[in-house]
Amino acid sequence: MKFLHSTVFLLCTIVLISLSFRLYHLGEMPSGFHRDEVIAGYAGRFIFENGRDFYGNVLPLLYIDKYGDYPPALPAYVSGITTYLFGSTVFAVRFPVAVIGALTCLLFYLLAKELFKKREVALIAAFLLAIIPWHLVLSRATAEGIIALPIVLGGLVFLIRFLQKQQIISLVIFVSLFFLTYFFYPSYRVLIPLLLLPVPFLFALTKRSRLFLIGTLLFFVALTGIFSSTDWGKGRFDQTSMFGKQSGGGITDRISILAQEEGQNKINVVKTYHNKYVLYTQEFIKQYLTYFSPQYLFLEGGLPYRYAVSDKGLLFVILLPFLFFGLFSIRKERSRFLWYLCYLFIISPMPSPFTLDDVPNVHRTLFMIIPLLLFSSFGFIEVLNSIKQRGVRILLVCVVIGILCVEMIHFFHMYHHHANAVKSSVRGDTNKEVMAFLVSMKDTYQHVYVRVGDALPIYYLFATNNYSKEVIGSIHQRLIAESFDNVTFLDRDCIISRIPESEFKKDVLIVDQADCPEDPRLKILEVFYRHDGTRSYRFAVPL
């Protein structure tokens with residue numbers, strides 16, 4: 001009983017640490033309010049209010065279209081629900097994802113306990129998840145993968161329990177959880193079939209259990225095929241994949257350049273050395289290996305920039321030797337579950353190597369956290385167990401804790417004081433402040449003109465707390481809107497040319513990009529600057 005109490009106390013401490021790191025100044029850090037965040041928060045609250053999304057779709061479960069990418073709808077429900085508690089604020093939108101990220105430590109503990117049967121390994125794994133930059137940064141930025149990760153962890157826990165005891169209830173639970181991931185983050189539509197691929201053949205099972213697992217594998221393969229065959233299911237694929245209609249042009253252009261360099265009448269040479277199979281394979285290998293490089297994992301991290309922290313990797317460098325030792329120590333283990341973990345390590349970057357957009361991508365490869373931290377935790381315990389002298393073990397623990405603290409302090413300094421200036425324009429920096437200023441000014445003018453891009457109509461509706469059913473039909477594809485209240489949105493980067501000459505004689509306010517050419521007919525009232533020193537928007541009135 002004492003052992004149980006100590007475990008519960010340590011887990012509660014880990015969760016409190018995790019919550020503290022994720023909720024501290026959550027509304028202000030990261031700075032800015034990315035368009036994906038405001039769209040998720042507004043769409044979720046709008047659906048709760050009206051039973052439909054702003055396009056008029058009744059309780060959508062599959063997707064909410066933003067820019068032809070058709071992201072899953074359920075994360076918006078999660079982000080929108082807490083606006084009832086905290087109002088239409090940045091904190092409200094980020095809060096549920098941050099809390100889910102913090103509580104994921106508990107499921108990670110259960111998975112590590114199931115795999116290694118060692119409480120120490122499981123506690124270290126849970127603690128590492130609570131503090132590592134990779135998971136922490138995404139938890140604070142409303143990343144859909146953070147919501148999906150604990151569902152996958154729960155699925156893996158019950159998958160292992162099914163393999164151990166072969167009880168139908170465990171089968172039903174893990175299949176249900178894996179099925180649920182398809183509605184939270186698209187990457188798992190590729191990962192789940194891969195997770196199950198070796199399972200029916202790797203473990204000792206009864207004939208009935210093996211058939212159940214083969215049927216489950218075929219079910220998820222078919223489900224992935226069905227999702228991928230729909231327009232909404234392949235929307236993001238077309239935007240990011242090397243085979244997609246939009247991003248895939250990079251490979252096609254490369255083939256054309258190589259063909260021109262070979263010269264005329266070299267068709268056979270081009271077909272032999274520069275065909276699409278060779279270039280696609282090269283690109284895949286390049287991308288795949290990038291995700292295992294120390295530079296990506298420990299030194300620089302990856303993209304998108306909204307998750308980037310200057311000069312910091314995704315994991316703490318002190319974990320690197322223990323990761324290698326953990327991988328090396330697996331060779332003496334006879335547990336098929338640990339060999340299955342090695343398989344998860346190999347496939348963990350999927351499907352990111354098939355993409356060309358924002359690579360290397362820290363969000364699509366979030367699943368890598370599972371094997372990386374499990375092997376690091378296992379390696380640390382194995383190192384301690386290999387040392388016979390108690391004093392040396394204590395010294396090693398003190399040194400590791402000291403280095404870890406130094407790395408944590410440096411990371412938090414870089415995150416809180418320098419991350420804001422990394423590509424502020426792609427973080428939605430100042431958009432929230434611009435809308436707040438617009439709302440405070442708009443009633444003193446007869447009419448207000450604003451550019452429609454960067455999801456500004458959604459920012460405006462969120463800032464004015466407008467979830468009225470009348471909004472339905474006013475927002476069109478790619479989040480284009482015409483007007484709300486006395487605010488008109490114009491579809492052009494520099495909107496001056498779209499405003500009728502007659503309007504310059506009226507009492508109007510114009511909100512335009514700050515870098516647009518200055519107009520002698522206008523007086524600048526306010527200019528907003530991002531954290532990186534660039535200008536975002538300016539407010540102007542006719543002279």
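A residue counts as buried when its relative accessible area is under 20%, as exposed when that value is over 50%, and as partly exposed in between (1.4 Å probe, protein chains only). By this criterion Arg-451, at 9% relative accessibility, is buried. The model is predicted, so local features need pLDDT of at least 70 and side-chain atom pairs count only at pLDDT 80 or more, while totals for chains, interfaces and linings use all residues. Residues are numbered from 1 along each chain as its sequence is written, and side-chain values use heavy atoms, with hydrogens and water left out.

**Salt bridges**

- The structure contains 14 salt bridges, a salt bridge being a side-chain nitrogen of Lys or Arg within 4 Å of a carboxyl oxygen of Asp or Glu.
- Arg-451 and Asp-493 form one of them, with an N to O distance of 2.8 Å. This pair connects distant parts of the chain, 42 residues apart: Arg-451 belongs to strand 1 (residues 447–451), and Asp-493 to the loop between strand 5 (487–490) and strand 6 (508–513).
- Helices (H or I, at least four residues) and strands (E, at least two) are DSSP runs, numbered from the N terminus.
- Arg-45 and Glu-49 are joined by a salt bridge of 3.1 Å, N to O. Both residues lie in helix 2 (residues 35–50), four residues apart, which is about one turn of the helix.
- Lys-432 is partly exposed, with a relative accessible area of 31%, and Glu-433 is partly exposed, with 32%.
- Asp-36, Lys-66 and Arg-306 are connected in a network of salt bridges.

**Surroundings of Lys-442**

- Lys-442 sits in the loop between helix 22 (431–441) and strand 1, and its relative accessible area of 9% makes it buried.
- Its side chain makes a polar contact of 3.1 Å with the side chain of Asp-443. A polar contact is a pair of N or O atoms within 3.5 Å; within protein, one must be able to donate a hydrogen and the other to accept it, and residues adjacent in sequence count only if both atoms are side-chain atoms.
- Leaving aside residues up to four places away in sequence, Lys-442 touches Val-448, Tyr-460, Asp-485, Asn-486 and Val-487, where contact means heavy atoms within 4.5 Å.

**Strand pairing around strand 6**

- Two strands pair if DSSP finds at least two bridges between them.
- Strand 1 and strand 6 run parallel and are joined by four bridges; His-447 is opposite Val-508 of strand 6.
- Strand 6 also pairs with strand 8 (residues 535–542), in the antiparallel sense and over four bridges. Here Ile-510 has Ala-540 of strand 8 as its bridge partner.
- Five of the six residues of strand 6 are buried, and the strand is thus mostly covered.

**Nonpolar surface patch**

- Phe-48, Ile-81 and Tyr-84 make up a nonpolar surface patch with about 270 Å² of accessible area together.
- Patches consist of residues with over 30% relative accessible area and no salt bridge, like charges being joined within 9 Å and nonpolar side chains (Val, Leu, Ile, Met, Phe, Trp, Tyr) within 5 Å.
- Accessible areas come from the Shrake-Rupley method with a 1.4 Å probe; for residues, only the protein chains shown count as cover.
- Phe-48 lies in helix 2 and is partly exposed at 34% relative accessibility.
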